[in-house]
Amino acid sequence: MKAGRIARRTAGALALAVLAFFILVPTGRYLARAGWAEGRILWRARPIAEIVRDSAIAAATRKKLELVLAARAFAGDSVKLAAKQSFTTYSHIDRDTLVVVLTAAYQDKLAYKTWWFPIVGSVPYKGFFDVRDAKRAAADLSRDGFDAFLRPANAFSTLGYLNDPLLSTTLEEDSVSLVNTVIHELTHNTFYAPGQAVFNESFANFVGAHGAEWFYSVRADSASVTLAREDWARQKMLGRFWSAVYNSVDSAFKAHAASKPERLAARAIVFAGARARFAREIEPGLPGYDPHKPLVLHLDNAALMSRRMYRTGLDDFDAIYEREGEQLPKAIARIITLARSKPRDPYAAVRADVASGGAEPASK
């Protein structure tokens, strides 16, 4: 009886601590709001297999949903990703943007403002289901002296902890991007290095791109294969550009380590040169470039680091992919083994493997 009373008191104290966390701590309140929004999305979810049989649903919608089921099956069976129950349901939301993602960085050093969350650890971004909350948070960070960058996102992953539904915002993508997104998000189900957001997103970008190309190759859809290859070539070209800008800013900051005003002045010079180079050399050479739709190049440390988040080390991933005979499952397995061998710096393990030609086996 006494042990039972102690257990009940312990459970009660734990419940009160959790309740206090969600009420009193900013991170707790943020997670509570996000959980409420996610709950509403899950509540509306309907099995995709049921929708594709519903003749009352528009034919174009059913066709895209069939494509999603085919992509997730391909991701599990061929790419060997952990599809789990993700994207087996569909949820309609009443807006054109699912979530607004906030990234922030220090103005005079290349360092993210990070947020800590249970399970995933520290991450350099924060998603908001309410755009007004996102803008208020960005304004607060700007007043505190950070660069703040907001961007829309049409999909997200709970890393397989919940049965992530496909969302109406994601369904609006073109067919190649839709397949890429499904495979990208299922990559997060398969592997997610805690506290390594740049590696996780860039790795998933790599898998999504090559997975989409392979998917359409199996279907003998040469037009879609070409689009997937063009998009990947564009991502790698942009990745090299953003890495060059990042390295130039880093060098400028190191050259003026003793003076913040001088660091900011040097940064302004680097950014001016980057804008000129982008307009003159990079943008016209991008695969699929449309001269009638010039890209808007906003530049500060938050924007720079946000753009690099999905495009860092892409050539190294490709080097491993090519070495593995362009067999995507083998490349994925190798990269995951390397990342696990050096959890605090997975890129170092990948770069060392590329430099050695894979001569040294990755140790766990």
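Author: Angles under 35 degrees count as roughly parallel, over 145 as roughly antiparallel, 65 to 115 as roughly perpendicular and the rest as oblique. Axes are lines fitted to C-alpha atoms, for helices over the stretch in contact, and angles run from 0 to 180 degrees between N-to-C directions. The model is predicted, so local features need pLDDT of at least 70 and side-chain atom pairs pLDDT 80 or more, whereas totals for chains, interfaces and linings use all residues. Residues are numbered from 1 along each chain as its sequence is written, and side-chain values use heavy atoms, without hydrogens and water.

Reader: At what angle do the axes of α8 and α9 cross?

Author: Helices (H or I, at least four residues) are DSSP runs, numbered from the N terminus. The axes of α8 and α9 (residues 222-255) cross at roughly 160° and come within 8 Å. The two helices, α8 and α9, are therefore roughly antiparallel.

Reader: Is the crossing of α8 and α9 left-handed or right-handed?

Author: A crossing is left-handed if the near helix is turned anticlockwise from the far one by less than a right angle, and right-handed if clockwise. For α8 and α9 the crossing is left-handed. Contact means heavy atoms within 4.5 Å; among the residues that meet are Phe206 and His210 of α8, and Arg229 and Trp232 of α9.

Reader: How do α4 and α7 pack?

Author: Helix α4 (residues 59-77) packs on helix α7 (residues 175-190) at about 40°, with the axes 9 Å apart. That angle makes α4 oblique to α7. The crossing of α4 past α7 is right-handed. Leu67 and Val68 of α4 are among the contact residues, as are Leu178 and Val182 of α7. By class, this contact of α4 with α7 holds nine nonpolar, one polar and two charged residues, where Ala, Val, Leu, Ile, Met, Phe, Trp, Tyr, Cys and Pro count as nonpolar, Asp, Glu, Lys and Arg as charged, and the others, Gly among them, as polar.

Reader: Which residues of α8 and α14 meet?

Author: Val198, Phe199 and Ser202 of α8 meet Pro346, Tyr347 and Val350 of α14. The axes of α8 and α14 come within 9 Å and cross at roughly 50°, and these helices are therefore oblique to each other.
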